Amino acid sequence: MKIFFSRNLAASVALTISIVAINVPSTLAHEGLAYQDFGEPGDASNVTRTFEIDLYDNYYEPETLEVQAGETVKFIVKNGGELLHEFNLGTVDMHVAHQKEMRMMMDHGMLTPTGMNHQMMNMDHSAMSMPAMKHDDPNSVLVEPGETKELVWHFHTPIAVEFACNIPGHYEAGMVGELEVKQ
Amino acid sequence: MNRLIAWLAPLAIVFGSTVAAPMVAYAGSYELTIGESTINVSGSDKTALSVNGSVPGPTLRFKEGEDLTLNVTNTLDVDTSIHWHGLILPFQQDGVPGISFEGIKPDTTHTYRFPAQQTGTYWYHSHSGLQEQAGVYGAIVIEPKGREPFRFNREYVVVLSDWSDEKPEAIFANLKRQSDYYNYSQRTVFDFFRDVSLKGWKKTVADRVDWGEMRMTPTDIADVGGYTFLVNGKNPEQNWTALFEPGERVRLRFINASAMTFFDVRIPGLQMTVVQADGQNVQPVPVDEFRIAVAETYDVIVRPREEKAFTIFAENMARTGYARGSLAPRQGMSGEVPDLRESPLLTMADMSHGSMQGMDHSSMQGMDHSSMQGMDLSAAGSDPFYAPGSGLSPTAANGGKFLSYADLKAQKPLYEDREPTREIEVRLTGNMERYIWSIDGVKFSDAEPIRLKYGERVRFAFVNETMMTHPMHLHGMWSILDNGNDKWNPAMHVVSVSPGTTVHMETEVDAPGAWAFHCHLLYHMAAGMFRKVIVEGGPQSAQLNGGALDEQASL
């Protein structure tokens, strides 16, 4: 219940303030934003730039990226480590919130340090009046060791965000990078 | 700048600086001098034993793969030694008199030579007599060639220790004469009447009789009292301070270099992410508090974002004192210092049934176990490394997460996981009243060495038949703790075993020669909780040549 509502709530709040926020200079820690504030899933046929991001235990290579507002960027995310990692585009506050969700998914056994429990993630939780606890936010990919995943994103606003891994402990240990969207 | 320091360093050693400073490398050669110096952490000048004039001694910084030459000079009038705690090296370099070598005689310099084969935070200390208690200890940092699996902007070594104004030999004599000499919080008549009003006469009398028959008291958590607890050689008033800039990630290398003290460490207002345990990378665990046993190390990352002072608070497990330092934007600042929490009481759960072997069972018929019915076994955390209902089971002061051994998973396992080839049971035993501590009921001077074969994987079961926590340390080889994480079981060098529990660890026997194995509580080790471990076989050049070091280790 909680996850579903907070996403909707965040989205409606974001819609309200985004109209006002267009001319506000970008800062790192926006309050109450959702991914819709800085973009949307991009169209693979419009990709203007591609980045290769390598995931290791527990850090990214590279750790800083720069794009132009209006670009559609393809991230090719490859996990060269032995642990499960995430590549998630968002602000500091979004990551903090998502860390709580990931912690819950770990406690419930949907995620392990080395992989995803696909069966559990697709379970129908409606009987327990819980939402489907899939990890299907469009601004994020979970990549198992040895795998490669792609994320295509259209950035429409100048902003400074982070790409981060919200698996418990990884962000705190420094698995986070900076992405600046310039004018 | 480095060259200038290289010129000044020998002068600093000669004139005995009292500031713990990083050792300067003479291209891989390090000079350590053990001697007497003055310390003032308890209100007046006392004589300590020190390394290069400071307590703790200088932090040794090595690089992974460096060929080390360590020249240790003894200016005392008794033998001394330095043991490199947690380091993998040829057994002759391990620094234990009677097992590795003959010790360092007065007015001589002994040279240790070995390569730095690993990375992380470790420490060194004397393995002669009770010199470790008197101040002969310091930190070791081995920097990796590549990058580490975590990021930080700056780092600090945080050595926690215990200082006593009493001479260590006097402390030991006191313990032998009267084992509860330092138990200042014996239960009083006031406790008796309070319990009567809470539980009634019958239960209270029965409880006192039960404990009395075991000749134990539930308040007996720490053997030694009267300590001043130090952070990097400074007492709480002296307030050792680490500087940071808000937003930085700071790495804190916690080392418990104390003789007898378990510290519960927290930084109110700041979460800590544990990234290394005993020098080995672990999958990062964010916690609010952790317990560091004697001789263990934990590396944590903190990220203070506010421009204010945070208190680094290390409360001893018995809750009779604390070590304290600060993390602050500027020197001279300090945060609020928390009050000590209530002293824990051991419970019947901490009394292992193994210890009943030697007891007169007839007197136990009348033991009133009904008071255990109401014991809330689910309370006080569910750490599987404490007996259910244990009085020592830790909880975080802020109600948050307290680190458990069960949380530690290797970031990258050191050894391939395989079935052990043999199991050895090691019973941790003791007679508190006579202050005799032993292994399998036998003290060191009466015992045979433990013999292992090169190439084995031995599974040890530590069965704690006492009511004290024992941090067991095997020299020269890793102890792979079985905490249920299979191939991710972490490699450690100290395994702390709580009362009434059995803990398993496995060792890949890959270091030929003779090694020490003992409880790292200094006075327990001195009282007999020690064994020599002989590893038979292995590469010809590295083997122990029979006879040379077969006499008893001098403790």
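Student: What are the conventions of the model?

Tutor: Residues are numbered from 1 along each chain as its sequence is written, and chains are lettered from A in the order in which they are written. In this predicted model, local features need pLDDT of at least 70 and side-chain atom pairs count only at pLDDT 80 or more, while totals for chains, interfaces and linings use all residues.

Student: What makes Pro168(B), Ile171(B), Phe172(B) and Leu175(B) buried?

Tutor: A residue is buried if 20 or more other C-beta atoms, placed from the backbone, lie within 10 Å of its own, exposed if 12 or fewer, and partly exposed in between. These four residues of helix H3 (residues 168-177) of chain B are classed as buried; helices are DSSP runs of H or I with at least four residues, numbered from the N terminus.

Student: Why are they placed on the same side of H3(B)?

Tutor: Because they cover an arc of only 95° around the axis, the arc being that of the directions from the helix axis to the C-beta atoms. The face turned away from the buried side carries the exposed residues Ala170(B) and Arg177(B).

Student: Which helices do the buried residues of H3(B) pack against?

Tutor: They pack against helix H2 (131-134) and helix H6 (522-526) of chain B.

Student: How many residues of chain A are in contact with chain B?

Tutor: Contact requires C-beta atoms, placed from the backbone, within 7 Å; 12 residues of chain A are in contact with 14 residues of chain B.

Student: What ipTM does the predictor give the complex?

Tutor: The ipTM is 0.79, and the pTM is 0.85.

Note on methods:
Two residues are in contact if their C-beta atoms, placed from the backbone, lie within 7 Å. Helices (H or I, at least four residues) and strands (E, at least two) are DSSP runs, numbered from the N terminus.
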